Amino acid sequence: MGKLASLTSSDNYFEDFEVGQVIRHARGKTMTQLENVNITNMVMNTAQGHFNEDQMSKTPLGKILCYGGVNFSLVLGLASQDTVENALAELGLDNITLKTMVFHGDTLYAYSKVLEKRDSDQDDAGIVVFRHFGVNQNKELVAQVDRTALIKKKSHWLDR
Amino acid sequence: MSDQSEFEAVLASAVLRKRGQGFHDFEVGEVIHHHWGRTITEADAIQFAHLTLAYNPLYFNREYAKELGHPDLVVCPQLVFNVILGLTVEICSEGLGGPFLGVYDLKYLEPVYPGDTLTAVSKTEAMRESESSEGRGIITWFNEGFNQHGRKVIEYRRSNLAIWKGQIGGAKVKKVAQGEKADG
């Protein structure tokens with residue numbers, strides 16, 4: 001394989017993040033059956049409100065409701081390249097809340113804030129805590145989640 | 001009996017085999033070992049990472065992952081979370097009639113690799129009736145996910161809203177902690 005550092009961006013190492021920094025991520029993604037129904041079924045979430053259009057047409061919602069686990073996974077994904085592309089590991093999540101229902105056809109965008117930076121028990125990487133915000137096409141908050149990641153230090157990884 | 005009359009008799013006499021449990025089927029302190037388990041394949045891992053745009057090459061470039069000390073590419077941790085939560089849905093939330101409210105204190109404890117098989121365990125930690133709206137309650141579980149070696153790969157707490165007016169919960173599912181008597 002070629003030079004390791006050439007495979008990822010050079011501006012999202014541990015040293016590059018500042019506490020308080022706020023990032024608006026470039027891409028959005030429209031939620032469709034490909035994301036919601038496919039992932040709901042592939043992880044064996046058996047709640048048919050996420051995949052039975054007929055049943056949901058007879059409820060006040062009137063249509064399939066996207067599964068919250070897919071909603072916040074997509075928000076984390078939309079934020080990934082700018083925040084954890086150079087992570088050695090994602091260590092955990094916290095304070096995951098789902099604020100607005102998502103339906104097929106809704107488009108999600110992501111914003112992130114750097115909450116905290118600290119050393120880890122290894123020299124070549126540090127810990128960064130991000131708060132990710134997922135919003136829909138109407139700028140309503142859909143999901144919020146804090147992610148803690150162990151991120152490479154430039155000093156140790158940029159020349160590899 | 002003709003095909004049509006047999007079919008009509010089936011429609012008229014079939015007994016619904018319900019799935020899911022209601023709020024009052026849970027007990028604080030119980031331990032639930034969930035059904036099925038799931039072997040995570042390489043295709044699962046890469047498809048999930050790409051559908052959610054989880055752009056860290058650890059999750060889809062095996063050679064990059066090996067350079068970082070792993071034996072194989074790493075399964076995107078959010079897929080691990082979703083599989084463990086998915087395995088808990090039939091008992092824990094399918095019959096509650098309410099949405100999931102939040103996930104807290106989630107720790108990814110060990111990497112998961114393609115070929116690993118995951119199983120899920122829930123502990124019912126707290127149950128309370130909603131003060132603001134009658135007929136609703138909130139249940140909190142502590143969920144754990146294990147690999148085929150019995151090592152814990154993930155843990156978290158999750159809360160779900162339950163609506164028990166016109167409860168749709170099904171037959172009581174026997175929940176037995178490992179080592180306890182099944183008829184307890």
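In strand 5 of chain B, B:Gly137 is the residue that stands opposite B:Glu129. The two strands involved, strand 4 and strand 5 (residues 136-146) of chain B, run antiparallel and are joined by ten bridges. Keep in mind that this is a predicted model.

**Strands within chain B**

- Strand 4 and strand 5 of chain B form a hairpin, with six residues between them.
- In the turn of that hairpin, B:Gly135 has a positive phi of about 80°.
- Strand 4 (residues 117-129) of chain B also pairs with strand 1 (residues 31-33) of chain B, in the antiparallel sense and over three bridges.

**A strand pairing between the chains**

- Strand 3 (residues 87-98) of chain A and strand 3 of chain B run antiparallel and are joined by four bridges.
- To spot this pairing, look for A:Gly92, which stands opposite B:Lys107 in strand 3 of chain B.

**Two helices that meet**

- For two packed helices, the description uses the angle between their axes and the distance between the axes.
- The axes of helix 3 (residues 68-78) of chain A and helix 4 (residues 77-92) of chain B come within 11 Å and cross at roughly 175°.
- Because an angle over 145 degrees counts as roughly antiparallel, helix 3 of chain A is roughly antiparallel to helix 4 of chain B.
- Helix 3 of chain A makes the contact through A:Gly69, A:Ser73 and A:Leu76, while helix 4 of chain B uses B:Gln78, B:Asn82 and B:Leu85.
- Sorted by class, this helix contact has two nonpolar, four polar and no charged residues.

**The whole contact between the chains**

- Chain A gives 36 residues to the contact, and chain B gives 36 residues.
- On the side of chain B that touches chain A, two or more residues come from each of helix 2 (42-51), helix 3 (62-67), helix 4 and strand 3 (100-108) of chain B.
- Which element gives the largest share of that side? Helix 4 of chain B does, with nine residues.
- By class, the side of chain B that touches chain A has 20 nonpolar, seven polar and nine charged residues.

How values were computed
Residues are numbered from 1 along each chain as its sequence is written. Chains are lettered from A and ligands numbered from 1 in the order in which they are written. This is a predicted model: local features need pLDDT of at least 70, side-chain atom pairs count only at pLDDT 80 or more; totals for chains, interfaces and linings use all residues. Two strands pair if DSSP finds at least two bridges between them. Axes are lines fitted to C-alpha atoms, for helices over the stretch in contact, and angles run from 0 to 180 degrees between N-to-C directions. Angles under 35 degrees count as roughly parallel, over 145 as roughly antiparallel, 65 to 115 as roughly perpendicular and the rest as oblique. Two residues are in contact if their C-beta atoms, placed from the backbone, lie within 7 Å. Ala, Val, Leu, Ile, Met, Phe, Trp, Tyr, Cys and Pro count as nonpolar, Asp, Glu, Lys and Arg as charged, and the others, Gly among them, as polar.
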